[in-house]
Amino acid sequence: MDVDELDQHLLQQFSCLGTTDKDDLVKQMQKVLVGNQLNEAAAAFLLDMNNWNLQAAICSYFDFETTRNLPMMTLICDSTIGEGESVPPNTKFRKSWHVQNSGAEPWPEGIFLNYTGGAQMGECTRVPVPCLPPRQTVELGVDLTSPSDTGVFQSKWRMMTSNGSYFGDIIWVIITVSESGTLAVTQQLHQLSTSQSNDEQMW
């Protein structure tokens with residue numbers, strides 16, 4: 001919530017008035033938020049939602065504005081090679097997804113794909129995300145290391161703005177760690193095949 005731009009002295013004065021006149025509270029809220037084009041109906045709604053507490057209503061307004069202006073993201077598909085295969089313990093592998101900017105505005109600079117919970121697989125906890133125009137898609141990938149124990153493990157990742165606000169679909173990493181796992185080998189063979197194909201095209 002961004003309240004640093006508010007006149008704190010004015011806000012304190014209003015919170016100490018103790019008035020119970022609802023029309024007066026609506027006018028006071030509009031005065032505090034001058035320049036934000038808050039109409040009477042919206043001010044009354046926020047005040048009523050906060051039991052006609054002026055300061056709480058103003059906080060709700062900024063919380064709403066912060067959420068409303070967040071970018072949008074939709075998970076399209078998991079594009080990891082070898083999906084469904086298990087991974088050996090302590091093995092490096094890459095997990096990737098196709099995501100779309102499903103909003104009407106380009107993604108701003110400073111966005112990251114951020115680890116938020118579950119099993120932490122390796123040292124990587126955030127990946128920078130490029131600016132993306134509306135309705136465009138991009139492949140995001142994370143280099144991970146499987147746990148040393150066998151079993152099923154999952155971790156949760158979210159898109160995060162530069163000011164720490166999360167948005168978009170939750171992205172999951174779910175793997176089975178097994179001594180007989182082959183996912184990492186499959187990925188290495190795919191990368192080798194792709195590299196050889198690119199070399200042949202150059203010649």
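This is a predicted model: local features need pLDDT of at least 70, side-chain atom pairs count only at pLDDT 80 or more; totals for chains, interfaces and linings use all residues.

Trainee: At what angle do helix 2 and helix 3 pack, and how far apart are their axes?

Mentor: In general, two packed helices are described by the angle between their axes and by the distance between the axes. Here helix 2 (residues 22-32) and helix 3 (residues 40-49) pack at about 110 degrees, and their axes are 9 Å apart. Angles of 65 to 115 degrees count as roughly perpendicular, and helix 2 and helix 3 are therefore roughly perpendicular to each other.

Trainee: Which residues touch the most other members of the largest nonpolar core?

Mentor: The general idea is that nonpolar side chains tend to be buried together in soluble globular proteins. In this model the largest nonpolar core has 25 residues, of which Val 99, Trp 107, Leu 113, Trp 157, Met 159 and Ile 175 touch the most other members. Strand 2 (92-100), strand 3 (112-118), strand 5 (137-145), strand 6 (151-160) and strand 7 (166-177) are the elements that give two or more residues to this core. Strand 7 gives the most, with 5 residues.

Trainee: With which residues is Met 159 in contact, leaving aside its neighbours within four places in sequence?

Mentor: Its contacts include Met 73, Trp 107, Ile 111, Phe 112, Leu 113, Val 129 and Leu 140, and also Ser 165, Tyr 166 and Phe 167. Apart from this core lies another, of 13 residues, among them Val 26, Leu 38, Ala 57 and Phe 62.

Trainee: What is the order of the strands in the open sheet of 4 strands?

Mentor: As a general point, strands of a sheet pair through backbone hydrogen bonds, either parallel or antiparallel. In this open sheet the order is 4-3-6-7, with antiparallel pairing. Strand 4 (126-128) and strand 7 stand at the edges with a single partner strand each, so one side of each is left without a neighbour in the sheet. On average, neighbouring strands of this sheet are turned by 25 degrees against each other, direction ignored.

Trainee: How many bridges join strand 3 to strand 4, and how many pair strand 6 with strand 7?

Mentor: Strand 3 and strand 4 are joined by 3 bridges, and Phe 112 stands opposite Pro 128 in strand 4. Strand 6 and strand 7 pair over 9 bridges, with Ile 174 in strand 7 as the bridge partner of Gln 154. Between strand 3 and strand 6 there are 6 bridges, and Gly 118 has Ser 155 in strand 6 as its bridge partner.

Definitions and conventions. Residues are numbered from 1 along each chain as its sequence is written. Side-chain values use heavy atoms; hydrogens and water are left out. Axes are lines fitted to C-alpha atoms, for helices over the stretch in contact, and angles run from 0 to 180 degrees between N-to-C directions. Angles under 35 degrees count as roughly parallel, over 145 as roughly antiparallel, 65 to 115 as roughly perpendicular and the rest as oblique. A nonpolar core is a set of buried Ala, Val, Leu, Ile, Met, Phe, Trp, Tyr and Cys residues joined through side-chain atoms within 4.5 Å. Buried means under 20% relative accessible area, exposed over 50%, partly exposed in between (1.4 Å probe, protein chains only). Contact means heavy atoms within 4.5 Å. Two strands pair if DSSP finds at least two bridges between them.
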